[in-house]
Amino acid sequence: MADQPQPYSISVSDDALHQLKQRLAWARFPSQLESSDQDPWDFGVPAAELQRLATYWKDAFDWRKAEAQLNELPQYHTDIEVEGFGTLDIHFVHQVSPVKNAIPLLFCHGWPGSFIEVSKLLPMLEAGADQPAFHIVAPSLPNFGFSSGVTRRGFGLAQYAEALHKLMVKLGYNKYVTQGGDWGFWVTRSIGLLYPEHCKASHVNMVVARPPQWSSNPLLALQHAIMPYNIREKAGRERSEWFDHEGYGYNILQSTKPQTIAAALADSPLALLAWIYEKLHDWTDSYPWTDDEILTWVSIYWFSKGGPEASIRIYYEAFHANPITDITYAKLYSYIPDVKLGVVHLPLEISIVPSTWAATLGPIVRQSEHAHGGHFAAWEKPDVIVQDLHAMFTRGGPCFGLIPDKDGY
């Protein structure tokens, strides 16, 4: 492959499509354990709903139509060298603003999302009157989508950060800002930790933080001690406790024995569909998923370059990071002083923290709260992401001029 980025089009083979339909035709569906009348999803994806959607996937879902729509996005791929892991082929969406000095924005997805999540943001972040302009880069993380898979042990958060940072620099963006949720939260914070001279600001739509401590954040600790939680924060703690007790099982398995569940995900499109569909349902705020949306999301995983199972390796590597040499969760809970931070609080996120907790992560320039929204904010509520980015980077905003050349507005 040439050294410079090359255009990319998704092109799943006819043989891969045929094999998918064959596997679905031979699928064996589970029986249904009696569920609650109030919540038919309390045991997971209802068997009848799974069978309905799998049948549609086999008989009626038009991947070629979905593929053509995805290929309307400005996609590219390029070689990125990651120290100790050789050359990876990184796939990415790259929308270049007509405003020459626009702000480079790295959008980082998580699991079970993909680069597709940026698609609703692209038209909304085109520069308008009195609005900042952005060059937008949205990679498929290594092990996800149409980027290379990595089977060598030790590819952790530092390596994900290195791959994405080197991509931005290769594209000519020596200074840039980031936006992310889910693993995008952890990866973009890793970038801020490792490359603060390049990453100037970050916005996140999932916030994972700990209570402020008297030793490190005395003013926040005092505020946390004397001020009661507001309505949002009380409801958020309840939501987070629900997730820890009822929704966290997938994480424990993927963090400890990823090769076991990998066997199911690699072999069975039915298993992959159930594994992902549950999260799309449980982690969103009554978002009206269409069958085509769900199956496009899941098909990106099924047809991914590294295989449907590759994406879960990030859980094991992050959980087993070496506390001395690697980037650990503990390091990312700490205050990152050189990267200005904006956060959005959504009521059906899987991690919801009080504002004082969020302020322990870095120099907060914006915290916004919204009445609706869940885990996949860029897909469910792209307007709230856009509102925050505009507020942060517009003329007079707290991050205006961080990327030198104020003429990009």
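**Cavities, pocket and cysteines of a predicted model**

The structure holds three cavities of 30 Å³ or more. A cavity is a set of points, on a 1 Å grid over the protein atoms alone, where a 1.4 Å probe fits but cannot get out. The model is predicted: local features need pLDDT of at least 70, side-chain atom pairs count only at pLDDT 80 or more, and totals for chains, interfaces and linings use all residues. Residues are numbered from 1 along each chain as its sequence is written, and side-chain values use heavy atoms, with hydrogens and water left out.

The largest cavity has a volume of about 110 Å³, taken as the space filled by probe spheres set on the points, which are joined across faces, edges and corners. Its lining comprises 16 residues. Gly-110, Glu-117, Gly-181, Asn-205 and His-375 lie nearest the centre. Strand 4 (103-108), strand 6 (176-180) and helix 16 (377-380) each supply at least two lining residues. Helices (H or I, at least four residues) and strands (E, at least two) are DSSP runs, numbered from the N terminus. By class, this lining has six nonpolar, eight polar and two charged residues. Ala, Val, Leu, Ile, Met, Phe, Trp, Tyr, Cys and Pro count as nonpolar, Asp, Glu, Lys and Arg as charged, and the others, Gly among them, as polar.

The second largest cavity has a volume of about 60 Å³. Helix 6 gives the most to its lining, with three residues. Among the lining residues are Thr-188, Arg-189 and Gly-192.

The largest pocket has a volume of about 570 Å³. A pocket is an open set with protein on both sides within 12 Å along at least five of seven lines; lining residues, here as for cavities, have an atom within 4 Å of a point. Of its 25 lining residues, Trp-186, Val-208, Phe-243, Tyr-248 and Tyr-333 are the closest to the centre. Helix 8 gives the most, with five residues. The pocket lining has 16 nonpolar, four polar and five charged residues.

A search of the whole structure finds zero disulfides, a disulfide being a pair of cysteine sulfur atoms within 2.5 Å. The sulfur of Cys-108 is 11 Å from the closest cysteine sulfur, in Cys-199, too far for a bond. Cys-199 is in no disulfide either; the nearest cysteine sulfur, that of Cys-399, is 11 Å away. Cys-108 is buried at 2% relative accessibility, and Cys-199 is buried at 0%. Buried means under 20% relative accessible area, exposed over 50%, and partly exposed in between (1.4 Å probe, protein chains only).
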